[in-house]
Each structure stands twice: as C-alpha cells, then as structure tokens.
Amino acid sequence: MLNQQHPIWGEQVYAKALELLQERGVRLEDIGEIVMFLQEKYIPNLQMGQCLESIHAVLQKREVQNALLTGIQLDILAEQNKLISPLQEMLATDESLYGVDEVMSLAIVNLYGSIGFTNYGYADKIKYGVLEKLNDKKNGVHTFLDDLVGAIAAAASSRLAHRRRHQEEEELKAQGVSYPSK
C-alpha cells in the first residue's frame, strides 16, 4: 500500500537509479554493449536499440531499482570511509569472501530465468566493457556496482532471448507448424 503521508513514487526511484548510474560513470549504452556482446551470436541482426529497450524494461522493475540504490549507496559510503570495520575494509578492497554484492545481483538475474545465471557468470568472469573499468580499484569503490551492472546486462540479455524464442514460435505457428505429438 502506498504511504499517503510520504509516498515514494516509482518514477522517482527509477529516475534516481538512472542518475546514480550516470554519476558513477555507467551509461546505459555501456550496459547495452554488454548485452550486445552476450546476445549477438544468438539473435541475428540485433540492434543496440533493442538492447537499450530491454535494459529499460529491466530497470523499470522496483527490485532492480532498490538493489541499485542500496548497492551504490554502500559503494559511496565505502569510498567516504564511513562504514564500520571490518565491513569498510571488505567493501573497499572487494574482498573475495564477501559475497553479498553477488547475492543482491542474483536477485536481478533471476527475474528472467536460469539463462540469466549463465549470462551473468560469463559477463562477470570476463569483465567485458565497462565491467573491467568498474572492477579496477583505481576508479573508486564499485564492489556492488560492477556486479549490479553485470546483472542488469544479464537480465536484459535473458529477456531478449526469451522474446526471441517467443517470436520464433509465433512465426512457426503462422506457417502452420504444430506442436510435435508423442
């Protein structure tokens, strides 16, 4: 239920998420490049506009917005040295056994099914595009942001894959192809 005294509008949260991405040096086109990289082999004639549309659809989800706001705020606080120890040191160094950033990102990945996990793992492993810059500790603390950006790209990629499969099935139906019977 919407709090009548202090409403938090979805448009407000969406706008803040976009603003924070930009402030932290991540353009939607950067995420689009990751999506394109992940899907261009599987979706013929994939265009950046399709990637961006899918990214916007993912970013419209409130749980994605919440994850971005929370993760980016923690990164900022770590840069400002305002977290308690040892959390400060774990976030500032992106400590390998600190997995909360990945757990938060998996919630985004899971929005579009198991293919998202594969996309996310691959993008995270090779640090494609902006992920490499975010992972470089010389560019600030991005312990959460690098994983969140990878998760958004993976979810957008998965969304495109699901939509492509649906389109292929609709084309087959239009050609009169029916389901195989056993």
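Helices here are DSSP runs of H or I with at least four residues, numbered from the N terminus. All views show a predicted model.

**View 1. The loop between H4 and H5, with Asn81 and Pro86**. Asn81 is found in this loop and, although not a glycine, has a positive phi of about 60°. At 57% relative accessibility, Asn81 counts as exposed, because the cut-off for that class is over 50%. Pro86 lies in the loop between H4 and helix H5 (87–93) as well. The peptide bond leading from Ser85 to Pro86 is cis, and its omega is near 10°.

**View 2. Asn45 in the loop between H2 and H3**. Asn45 is not a glycine, yet its phi is positive, at about 60°. The residue has a relative accessible area of 67% and is exposed.

**View 3. The largest nonpolar core, of 48 residues**. The members that touch the most others are Ile31, Ile55, Leu59, Leu68, Ile108, Val149 and Ile152. Helices that each supply at least two residues include H1 (10–23), H2 (28–39), H3 (48–59) and H4 (62–79). The largest share, 10 residues, comes from H9.

**View 4. Surroundings of Ile31**. With neighbours within four places in sequence left aside, Ile31 is in contact with Val26, Ile55, Val149, Ile152 and Ala153.

**View 5. Residues 52–162, annotated in UniProt as "domain: YutG/PgpA"**. The annotation comes from an unreviewed entry. Over residues 52–162 the chain is 71% helix and 0% strand. The end C-alpha atoms of this segment are 16 Å apart.

Conventions
Residues are numbered from 1 along each chain as its sequence is written. This is a predicted model: local features need pLDDT of at least 70, side-chain atom pairs count only at pLDDT 80 or more; totals for chains, interfaces and linings use all residues. Side-chain values use heavy atoms; hydrogens and water are left out. UniProt positions are given in the numbering used here, feature names are shortened, and annotations may be inferred rather than shown by experiment. A nonpolar core is a set of buried Ala, Val, Leu, Ile, Met, Phe, Trp, Tyr and Cys residues joined through side-chain atoms within 4.5 Å. Buried means under 20% relative accessible area, exposed over 50%, partly exposed in between (1.4 Å probe, protein chains only). Contact means heavy atoms within 4.5 Å.
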